[in-house]
Amino acid sequence: ESDNGSRRQLASLSIADMSPRLALQRILALFERGEQREAAAFLRRLSMSTFRQIVTELPTDLFVDSLPQSLPVLEALYAKLFLAGGKKLPSSINVSPETVIWQLVKFFACQEDQSLASRE
């Protein structure tokens with residue numbers, strides 16, 4: 001019975017109860033396994049205090065370079081940054097929307113180039 005009780009206790013732990021280190025590891029593990037939607041959902045559910053502690057450690061360059069597959073993660077990241085309102089967030093966060101847009105433009109340009117090449 002104590003085993004069943006400890007399982008219930010573990011299941012009841014919210015993401016807010018998770019240490020920042022474990023939260024970061026979980027996001028990275030999901031992302032590396034190609035589970036971007038799950039990583040994004042996890043990121044959205046993080047408490048704001050945990051998010052503030054890990055945001056500078058998130059591999060934003062990797063997220064941008066992995067577009068378009070990483071769009072769910074970037075969307076969740078921008079939503080959290082918006083909700084945080086920039087208050088008490090380190091200035092070292094490097095996730096400019098311009099960088100993301102240029103990466104998307106590059107992606108679509110490559111798609112167009114491949115499309116033209118296949119027609120010839």
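**Labels and the values behind them**

Tutor: Let us begin with Leu58, which is buried, because its relative accessible area is 5% and the cut-off for that label is under 20%. Leu58 is found in the loop between α4 and α5, and please keep in mind that this is a predicted model.

Student: Where does Leu58 lie relative to Ile27, in sequence and in space?
Tutor: The two are 31 residues apart in sequence, while their C-alpha atoms are 8.7 Å apart in space. Both Leu58 and Ile27 are among the residues that touch the most other members of the largest nonpolar core, a set of 24 residues, and Leu43, Leu46, Leu74 and Leu77 are named with them. The elements that give two or more residues to this core are α2 (20-32), α3 (36-45), α4 (48-54), α5 (60-65), α6 (71-84) and α7 (97-119).

Student: What makes Pro59 partly exposed?
Tutor: Pro59 has a relative accessible area of 24%, and since buried means under 20% and exposed means over 50%, a value in between is called partly exposed. Pro59 also has its place in the loop between α4 and α5, and its C-alpha is 8.5 Å from that of Leu28, although the two are 31 residues apart in sequence.

Student: Why is Leu30 called buried?
Tutor: The relative accessible area of Leu30 is 2%, and the label requires a value under 20%, so Leu30 qualifies. Leu30 has its place in helix α2, and a C-alpha to C-alpha distance of 9.2 Å separates Leu30 from Phe42, which is 12 residues away in sequence.

Student: What joins Leu67 and Pro68?
Tutor: A cis peptide bond joins them, with omega at about 5°, and Pro68 lies in the loop between α5 and α6.

Student: Which labels do Phe107 and Phe108 carry for their accessibility?
Tutor: Phe107, at 25% relative accessibility, counts as partly exposed, whereas Phe108, at 53%, counts as exposed, because the cut-off for exposed is over 50%.

Student: What makes the contact of Arg33 with Glu35 a salt bridge?
Tutor: The closest N and O atoms of Arg33 and Glu35 are 3.1 Å apart, and the rule asks for a distance within 4 Å, so the contact qualifies. The count of salt bridges comes to one, and Glu35 is partly exposed, with a relative accessible area of 26%.

Student: Which residues form a nonpolar patch on the surface?
Tutor: Ile101, Trp102 and Val105 form it, with about 340 Å² of accessible area together, and Ile101 is found in helix α7.

Student: How many helices and strands does the protein chain have?
Tutor: The secondary structure comes to seven helices and zero strands, and of the 120 residues of the protein chain, 32% count as buried.

Technical notes. Residues are numbered from 1 along each chain as its sequence is written. This is a predicted model: local features need pLDDT of at least 70, side-chain atom pairs count only at pLDDT 80 or more; totals for chains, interfaces and linings use all residues. Side-chain values use heavy atoms; hydrogens and water are left out. Buried means under 20% relative accessible area, exposed over 50%, partly exposed in between (1.4 Å probe, protein chains only). A nonpolar core is a set of buried Ala, Val, Leu, Ile, Met, Phe, Trp, Tyr and Cys residues joined through side-chain atoms within 4.5 Å. Helices (H or I, at least four residues) and strands (E, at least two) are DSSP runs, numbered from the N terminus. Patches are made of residues with over 30% relative accessible area and no salt bridge: like charges are joined within 9 Å, nonpolar side chains (Val, Leu, Ile, Met, Phe, Trp, Tyr) within 5 Å. Accessible areas come from the Shrake-Rupley method with a 1.4 Å probe; for residues, only the protein chains shown count as cover. A salt bridge is a side-chain nitrogen of Lys or Arg within 4 Å of a carboxyl oxygen of Asp or Glu.
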